[in-house]
Amino acid sequence: LREFQRFWRENADIWVKRYEYREAAPHLILQAFLQRVVNGGAMILREMATGRGRVDLGVLHAGRKYMMELKLAGREPLEESLRQTAGYMDTQGAREAWLVVFDRNPKKSWEEKIFWKDNALPDGKRVHIVGC
């Protein structure tokens, strides 16, 4: 995902303008980017069922599930997104997940948009918050 952050920073404007439904662009671009990374040894699932909802992207590799929840910055409070992601983790028995936050605010610099925070949950699980 760190490589995706670089890719998104360099190419976001080009790709986002190509989609009429601009909220879908980050999801589709990340899914396509991951496909080239996992090609041949894993499977990417969009809207993977978790029992209590659907996580945006799931990667299945070597018997493990990697869950990624994608959000647009400013749509809902970060704490709510973290609770949602933690709920998916509980259902799937996951110890870590990724919350990818796409900030579309043109007034913010890329230095403000691109970040990586590791958030430890009270039960010892970890959510990596990835800013794009």
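Reader: How many helices and strands are in the chain, and what makes a stretch count as one?
Author: There are 4 helices and 6 strands in the chain. Both are DSSP runs numbered from the N terminus: a helix is H or I over at least four residues, and a strand is E over at least two. Along the sequence they follow the pattern α-α-β-β-β-α-β-α-β-β.

Reader: Good to know! Where does this picture come from?
Author: This is a predicted model, where local features need pLDDT of at least 70 and side-chain atom pairs count only at pLDDT 80 or more, while totals for chains, interfaces and linings use all residues. Residues are numbered from 1 along each chain as its sequence is written, and side-chain values use heavy atoms, with hydrogens and water left out.

Reader: Which strand has the lowest mean pLDDT among the elements, and which the highest?
Author: pLDDT is the predictor's confidence in each residue, from 0 to 100. Strand S1 (residues 42-49) has the lowest mean, 70, and strand S6 (residues 126-131) the highest, 96. The chain averages 83.

Reader: Why is the pair of tyrosine 66 and tryptophan 98 called tilted?
Author: Rings of Phe, Tyr and Trp (its six-membered ring) pair if their centres lie within 6.5 Å; planes under 30 degrees apart are stacked, over 60 edge-to-face, and the rest tilted. By this rule there are 7 aromatic pairs. In this one the centres are 6.1 Å apart and the planes stand at 50°, so the pair is tilted. Tyrosine 66 lies in strand S3 (residues 64-72) and tryptophan 98 in strand S4 (residues 96-102), so the pair ties together parts 32 residues apart in sequence.

Reader: What makes glutamate 69 buried?
Author: Its relative accessible area is 3%, so glutamate 69 falls under the 20% limit. This residue is found in strand S3.

Reader: How do you know that the charged end of lysine 113 sits over a ring?
Author: The rule asks for NZ of Lys or CZ of Arg within 6 Å of the ring centre and within 35 degrees of the ring normal. The charged end of lysine 113 sits over the ring of tryptophan 110, 4.8 Å from its centre. Likewise, the charged end of lysine 117 sits over the ring of phenylalanine 115, at 5.0 Å.

Technical notes: Buried means under 20% relative accessible area, exposed over 50%, partly exposed in between (1.4 Å probe, protein chains only).
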